[in-house]
Amino acid sequence: VSPAPPERFAQVADIMALWTRTKGYPPNSWLTMVRRPAVLRAYRALHSAVMMDEGEVPKALKFMIAHAVSDACGDPYCAAHNAENAAHIAAAPVEKVEALPQYGTSPLFSPAERAALDLAHAAGGSDVTDAHFAELGQHYSEDAIIEIVSVIALLGWLNRWNITLATRIE
């Protein structure tokens, strides 16, 4: 699917301008999503509520969860963007982001982070069990667990978008 025509971009100019200031470019996924400006606006509102609003779960961990679920379901586009966002938007140490593939054994990750990343990996492969939630409950409140699941659910939609359209990384 080709990018949206220019008149559709005018309907979301505020979103495009903000992201261009933040990252320097609009994501390729948005170039097709803007064919439905209301969908892009709804996605951005949900993304802000899930990823950017303050809660119990640190933003850096939210982006690492987003990376993990995307990686597990086979969406390299979102995996790459969320690893970058963990470092550049949420100020996660670069060495920690680089260690994400080894989070299970890396001393850079706490048991709480491992539990959240384990759930993300399991959710990306549709392999979630009660044991994942038992482990999460050892480290997080129910409100925090809902934050974690919100990240996974948001990325489920975006992963399907990018896998289906074979979105190329910028």
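**Figure 1. Histidine 132 in helix H9.** Histidine 132 has its place in helix H9, which covers residues 130-137. The model shown here and in the legends that follow is predicted. With a relative accessibility of 18%, histidine 132 counts as buried, because the cut-off for a buried residue is under 20% relative accessible area. Apart from its neighbours within four places in sequence, histidine 132 is in contact with Asp118, Leu119, Ala122 and Asp127. Leucine 117 stands 15 residues away from histidine 132 in sequence, and their C-alpha atoms are 10.0 Å apart in space.

Figure 2. Arginine 114 is buried, yet it has no salt bridge. The nearest side chain of opposite charge belongs to glutamate 113 and is 7.3 Å away; a salt bridge would require a side-chain nitrogen within 4 Å of a carboxyl oxygen. When neighbours within four places in sequence are set aside, the contacts of arginine 114 are Tyr103, Gly104, Thr105, Ser106, Pro107 and Phe109.

**Figure 3. Alanine 4, ahead of helix H1.** Alanine 4 is found in the segment that precedes helix H1 (6-10). Its relative accessible area is 7%, so alanine 4 is buried. Beyond its neighbours within four places in sequence, alanine 4 is in contact with Phe9, Leu31, Val34 and Arg35. Glutamate 142 is 138 residues from alanine 4 along the chain, and a distance of 40 Å separates the two C-alpha atoms.

**Figure 4. The salt bridge between aspartate 14 and arginine 41.** Five salt bridges are found in a search of the whole structure. One of them joins aspartate 14 to arginine 41, with 2.7 Å between the closest N and O atoms. This pair links distant parts of the chain, since aspartate 14 belongs to helix H2 (residues 13-23) and arginine 41 to helix H4, 27 residues apart. Aspartate 14 counts as partly exposed at 47% relative accessibility. Arginine 41 is likewise partly exposed, at 34%.

**Figure 5. The salt bridge between lysine 23 and glutamate 84.** The side chains of lysine 23 and glutamate 84 meet in a salt bridge with an N to O distance of 3.0 Å. Lysine 23 lies in helix H2 and glutamate 84 in helix H6, so this pair ties together parts of the chain that are 61 residues apart in sequence. Lysine 23 is buried, its relative accessible area being 15%, whereas glutamate 84 is partly exposed, with a value of 31%.

**Figure 6. The salt bridge between glutamate 147 and lysine 62.** Glutamate 147 and lysine 62 form a salt bridge in which the closest N and O atoms are 3.4 Å apart. Glutamate 147 counts as buried at 16% relative accessibility. Lysine 62 is also buried, with a relative accessible area of 2%.

**Figure 7. The largest cavity and its lining.** The structure has one cavity of 30 Å³ or more. The largest cavity holds about 180 Å³ of space. Its lining consists of 15 residues, and those nearest the centre are Tyr43, His47, His81, Asn85 and Leu158. Two or more lining residues are given by each of helix H3 (28-33), helix H4 (37-52), helix H6 (76-88) and helix H10 (142-165). The largest share comes from H6, which supplies five residues. By class, the lining has nine nonpolar, five polar and one charged residues.

**Figure 8. The largest pocket and its lining.** About 160 Å³ of space lies in the largest pocket. The pocket is lined by Val1, Ser2, Pro3, Asn28, Ser29, Leu31, Thr32, Leu165, Ala166, Thr167 and Arg168. H3 gives the most to this lining, with four residues. The residues that line the pocket divide into five nonpolar, five polar and one charged. Leu31, one of the lining residues, is also among the contacts of alanine 4.

How values were computed: Residues numbered from 1 in each chain as written. Predicted model: local features only at pLDDT ≥ 70, side-chain atom pairs only at ≥ 80, totals over all residues. Heavy atoms only, no water. 1 Å grid on protein atoms, 1.4 Å probe; cavity = no way out; pocket = protein on both sides within 12 Å on 5 of 7 lines; lining within 4 Å. Points joined across faces, edges and corners; volume = space filled by probe spheres on them. Nonpolar A, V, L, I, M, F, W, Y, C, P; charged D, E, K, R; others polar. Buried < 20%, exposed > 50% of the residue type's maximum accessible area, 1.4 Å probe, protein only. Lys, Arg positive; Asp, Glu negative; His and termini not counted. Contact = heavy atoms within 4.5 Å.
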